[in-house]
Amino acid sequence: MVERGVVLSAPGRVALEEIRVEAPGQGEVLVRIEATGVCHSDLHVIEEDGWGHAFPVLLGHEGAGTVEVVGDGVDELAVGDRVVLGWKTACGECATCLRGEPRRCTRPPAAPGRLFRAGGDELTPLLRTGTFATHTVVPQDAAVQVPRELPAEQACLIGCAVATGVFSVLETAKVWEGARVAVIGCGAVGLSVIQGARLAGASEIRAIDLDERKLTQALRFGATHTEPARVDFVFDVVGRRATFEQALAMIGSNGTVVLIGLSPAGERAEVDLPALFGRRARILVSHGGDHLPQEDFPQLARWALDGKLDLAAMVTRTAPLEGWSDALDAMQHGDVIRTVLAP
Ligand SMILES: [Zn+2]
Ligand SMILES: [Zn+2]
């Protein structure tokens, strides 16, 4: 069987090509990818010339599949398990992990030296996962078992957009019951922020987006208003000057702005310091909602199976791996909430 993956081989050069996947090493697992969401970060990596990853890069980081081979020393997973891949696994050894903050780990483990182009060059899997592929290899802690009742095309969303959005609310910001919340940018992550705010018991959830279609969708996922107003928490899922400055302008006294969206290189914003001081404002940065895959993925899967989290409605298009390019276009034009590729 030919293994394939979508490879960014040089700045601006992306193609679906044959790849070679080696057996997993000590503590690693080989996963057959059954579904992978197409996320803005994939586009970011293409547009930002690899975003710090060494070329060639195997794209994709929001994947679910089945464990096909386990390496030596793997004790928590077995062949046949349904897993969601996590890009933010804690290493357990860095200073941040050792002081008891694994959610803020700065050195998530990877499984280097397992993925190659057909010609022999070693691939760098995007965010240590590389899921736009038929197979990938990850450390066992980065493959988190979830119930098979959850369809793979829904389960994969847990791996990035849903974990990021929901846990930006519950973990990074710790939104309290009754809080007033606003979300700027209502794509898959923004809709997940809305769902997280609903789970937190927010009294007001304001959806802000330039695209009318997204506002209509936001109302279906739990938004209560579509106009800006003073609130306790604003989540900037876009990360541009205009959205960040709007977020700062929308918080009331003791308000919090949470920056989630990846900004293009060089992006800057202006901050009115007396206003910031006067409001006792807090500015937080959310790296994927500070999620911890081993704890949070099973919880998100349970919420989905219990009907508390709507993943099904987020999957608005499915396509084979060949559809990766159309999927990126559709995302850029706001035509989809999520396209899920089935390798
Ligand atoms: Zn992502
Ligand atoms: Zn660590």
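Tutor: Start with His61, which is buried, at a relative accessible area of 0%. This is a predicted model, and the values below are computed from it. The side chain of His61 gives its NE2 atom to the zinc ion (ligand 1), which is also coordinated by the SG atoms of Cys39 and Cys160, at 2.0 to 2.2 Å. Along the sequence, the spacing of these donor residues is C-x21-H-x98-C. His61 belongs to the loop between β4 (57-58) and β5 (63-70), while Cys160 is part of helix α3 (residues 152-172), so the pair ties together parts that are 99 residues apart in sequence. Cys160 has a relative accessibility of 5% and therefore counts as buried, since the cut-off is under 20%.

Now place the site in the whole chain. The protein chain contains nine helices and 17 strands. Its radius of gyration is 20 Å, close to the 20 Å from the globule rule for 343 residues, so the chain is as compact as a globular protein of that length. Along the principal axes, the C-alpha atoms fill a box of roughly 60 × 40 × 40 Å. Of the 343 residues, 56% are buried, and His61 is one of the buried residues. Among contacts between residues at least 6 apart in sequence, 72% join residues at least 24 apart. The chain has 32 positive and 45 negative charges, and the mean positions of the two groups are 5 Å apart.

Definitions and conventions
Residues numbered from 1 in each chain as written. Chains lettered and ligands numbered in written order. Predicted model: local features only at pLDDT ≥ 70, side-chain atom pairs only at ≥ 80, totals over all residues. Heavy atoms only, no water. Helix = DSSP H or I, 4+ residues; strand = E, 2+ residues; numbered from the N terminus. Rg over C-alpha atoms; globule rule 2.2 N^0.38 Å. Buried < 20%, exposed > 50% of the residue type's maximum accessible area, 1.4 Å probe, protein only. Contact = heavy atoms within 4.5 Å. Lys, Arg positive; Asp, Glu negative; His and termini not counted. Charge placed at Lys NZ, Arg CZ, Asp CG, Glu CD. Donors = N, O, S within 2.8 Å, 3.2 Å for Na, K, Ca; no water.
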